[in-house]
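User: I would like to go through this model with you, one question at a time. Please give the cut-offs behind each term as we reach it.

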Amino acid sequence: RIYSRIAGTGSYLPSKVLTNDDLSKIVDTSDEWIASRTGIRERHIAAEGETTVDLATHASQRALEAADVSADEIDLIVFGTTTPDLIFPSSACLLQQRLGIAGCGAFDVNAACSGFLYALSVADKFIRCGDAKTVLVVGSETLTRMVDWTERETCVLFGDGAGAVVLKADAETGILSTHLHADGAKKELLWNPVGVSVGFDEHAKNAGVRIRMTGSDVFKYAVKALDSVVEETLEANGLDRHDIDWLIPHQANLRIIEATAKRLDMPMERVVVTVDKHGNTSSGSVPLALDEAVRSGRVQRGQLLLLEAFGGGFTWGSALLRY
Ligand code: ACO
């Protein structure tokens with residue numbers, strides 16, 4: 001049997017930091033409101049001209065280095081993003097060129113904030129069926145480009161960033177299972193309702209490109225969906241909730257993360273939290289949190305990790321893996 005294992009991780013954050021106090025000068029908000037409702041204290045913002053693929057290139061180079069893999073060994077790139085540089089070519093194709101390689105398959109996956117989990121699941125399947133041996137999996141976003149900086153309900157939540165992993169075929173168990181779900185009927189609770197086919201709004205700011213969200217409904221659905229996918233993952237692997245060493249959740253809101261940790265009866269010391277420093281970086285959030293936990297020495301080889309995410313669509317998913 002062939003499994004896929006994470007051979008190396010990498011991440012990248014733009015250098016500019018925007019604190020809650022900075023935001024309180026732009027909209028009617030406060031550090032106290034944002035921190036107590038979301039756990040967020042600051043977020044990184046891409047510089048003018050700095051794109052999703054720029055962030056992804058840095059993160060990928062770091063992941064390749066950590067895996068001791070050279071770019072020309074990559075035989076597939078799967079790129080989770082909902083903020084691609086261009087409509088086409090895909091960000092995966094642009095990244096391929098930046099890495100100085102050509103020929104391998106490369107494509108994007110858009111599952112909003114679940115983008116990295118979806119990308120990881122697809123990459124795992126390619127390796128398990130023998131079609132690929134070394135896959136670069138990326139989650140990268142410049143979500144702040146979609147933010148309306150006059151709307152305090154949403155602009156305080158998001159940040160920019162990227163993470164990447166190199167997955168390699170291995171005879172040893174790595175990724176044990178992945179579980180993906182979606183419910184398109186809830187699309188209007190969290191969406192950006194303009195595009196090439198339906199059209200843009202030429203009279204609106206940013207041509208109508210703007211995150212729209214009914215926050216309290218998203219919160220409720222997220223907690224419920226994550227509870228159910230966590231249960232599903234444990235059941236599929238015949239595990240007890242106490243078997244998990246680390247929970248590495250999507251970083252949207254500390255209260256959502258705490259609800260999932262409670263469900264797993266997991267102390268917060270075993271939950272990787274970066275939302276305070278990164279805000280919600282959508283597809284970037286899980287691989288950023290994973291890389292931070294690996295590089296700080298918290299996550300060790302052989303430990304059992306549960307990754308999960310929830311996002312627009314709705315989409316949600318999980319991955320259970322032995323690191
Ligand atoms: N600063 C100050 N006050 C604010 C702000 C702000 N930034 N934003 C909203 N308020 C006000 C509202 O106007 C409202 O005022 P009112 O009572 O006078 O009408 C009050 O605060 C409460 O607003 P609520 O929306 O009820 O606040 P809530 O406790 O639900 O928190 C939040 C809002 C943080 C958005 C929460 O609902 C949430 O986190 N939801 C999940 C959102 C999320 O995680 N989305 C992303 C997940 S999916 C993905 O990652 C894309």
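User: In what order do the four strands of the open sheet run?

Analyst: This is a predicted model, in which local features need pLDDT of at least 70, side-chain atom pairs count only at pLDDT 80 or more, and totals for chains, interfaces and linings use all residues. Residues are numbered from 1 along each chain as its sequence is written. Strands (E, at least two residues) and helices (H or I, at least four) are DSSP runs numbered from the N terminus, and two strands pair if DSSP finds at least two bridges between them. On that basis the pairing in the open sheet is mixed, and the order of its four strands is β8-β13-β12-β11.

User: Which are the edge strands?

Analyst: An edge strand here pairs on one side only. From one strand to the next the twist averages 10°, with axes being lines fitted to C-alpha atoms, for helices over the stretch in contact, and angles running from 0 to 180 degrees between N-to-C directions. The edge strands are β8 (175–182) and β11 (246–249).

User: Which residue in β12 is the bridge partner of isoleucine 248?

Analyst: Strands β11 and β12 run parallel and are joined by four bridges. Leucine 247 stands opposite leucine 306 in β12, while the partner of isoleucine 248 in that strand is leucine 307.

User: Are the β11 residues Trp246, Leu247, Ile248 and Pro249 buried or exposed?

Analyst: In a regular strand the side chains alternate between the two faces of the sheet. In β11, Trp246 and Ile248 point one way, and Leu247 and Pro249 point the other way. A residue is buried if 20 or more other C-beta atoms, placed from the backbone, lie within 10 Å of its own, exposed if 12 or fewer do, and partly exposed in between. By this count, all of Trp246, Leu247, Ile248 and Pro249 are buried.

User: What angle does the direction of helix α10 make with that of β11?

Analyst: Helix α10 (residues 285–295) packs on the sheet and touches β11 and β12, where contact requires C-beta atoms, placed from the backbone, to lie within 7 Å. The angle between the direction of α10 and that of β11 is about 145°.

User: Why is aspartate 265 classed as exposed?

Analyst: Aspartate 265 lies in the loop between α8 (254–263) and α9 (275–278). Leaving aside neighbours within four places in sequence, aspartate 265 is in contact with Arg241 and His242. Aspartate 265 is classed as exposed because the number of other C-beta atoms within 10 Å is 10.

User: What is the phi of alanine 112?

Analyst: Most residues other than glycine have a negative phi, and most peptide bonds are trans. Alanine 112, in the loop between β5 (105–109) and α5, is buried because 27 other C-beta atoms lie within 10 Å. Although alanine 112 is not a glycine, its phi is positive, at about 50°.

User: Which residue does a cis peptide bond join to phenylalanine 88?

Analyst: The cis bond in question has an omega of about 0°. A further cis peptide bond runs from glycine 313 to phenylalanine 314, with omega near -10°.

User: Which element gives the largest share of the shell around the ligand?

Analyst: Of the 24 residues around the ligand, Thr29, Cys113, Gly215, Phe219 and Ala252 come nearest, a residue being near if its C-beta atom, placed from the backbone, lies within 6 Å. The elements giving two or more residues are α2 (31–38), α6 (152–155), α7 (215–236) and β12 (304–311). The largest share, five residues, comes from α7.

Notes. Contact = placed C-beta atoms within 7 Å.
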